[in-house]
Amino acid sequence: GDKWRREKKTEFANDLKNLHAVSASLNRQKGDKGPDEWMPPNHKFRCEYLAEFMGVVKTYNLELAPSENRTINKMQSACSAP
């Protein structure tokens with residue numbers, strides 16, 4: 001995203017699929033971290049968060065870091081387990 005035009009950065013920053021109303025402290029904790037560095041403290045929301053994260057990755061054709069891929073694969077397996 002660092003090479004995007006200003007318009008695309010604005011679109012991404014305001015995309016409702018990429019926004020959640022949270023406390024200021026939770027927002028600061030997350031910052032620009034991916035799932036390999038931060039997950040919601042509410043464990044019941046983590047699978048939904050991960051699905052939303054992957055939707056944004058797909059929509060914006062983003063590349064995941066290897067550590068993000070590993071974490072996401074493990075978590076997706078855990079989310080789909082009975």
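Visitor: Where do the mean positions of the positive and negative charges of the protein chain lie, and how many Å apart are they?

Guide: The protein chain has 14 positive and 11 negative charges, and their mean positions are 2 Å apart. Here Lys and Arg count as positive and Asp and Glu as negative, while His and the chain ends are not counted. Each charge is placed at NZ of Lys, CZ of Arg, CG of Asp or CD of Glu. This is a predicted model, in which local features need pLDDT of at least 70, side-chain atom pairs count only at pLDDT 80 or more, and totals for chains, interfaces and linings use all residues. Residues are numbered from 1 along each chain as its sequence is written, and side-chain values use heavy atoms, with hydrogens and water left out.

Visitor: How many helices and strands does the protein chain have?

Guide: Helices (H or I, at least four residues) and strands (E, at least two) are DSSP runs, numbered from the N terminus. The protein chain has four helices and zero strands, giving the pattern α-α-α-α along the sequence. Its C-alpha trace spans about 40 × 30 × 20 Å along the principal axes.

Visitor: What percentage of the residues count as buried?

Guide: Buried means under 20% relative accessible area, exposed over 50%, and partly exposed in between (1.4 Å probe, protein chains only). Of the 82 residues of the protein chain, 20% count as buried.

Visitor: Is N61 buried or exposed?

Guide: N61 is exposed, with a relative accessible area of 69%. N61 sits in the loop between α3 (46–59) and α4 (66–80). Its phi is near 50 degrees, a positive value in a residue other than glycine.
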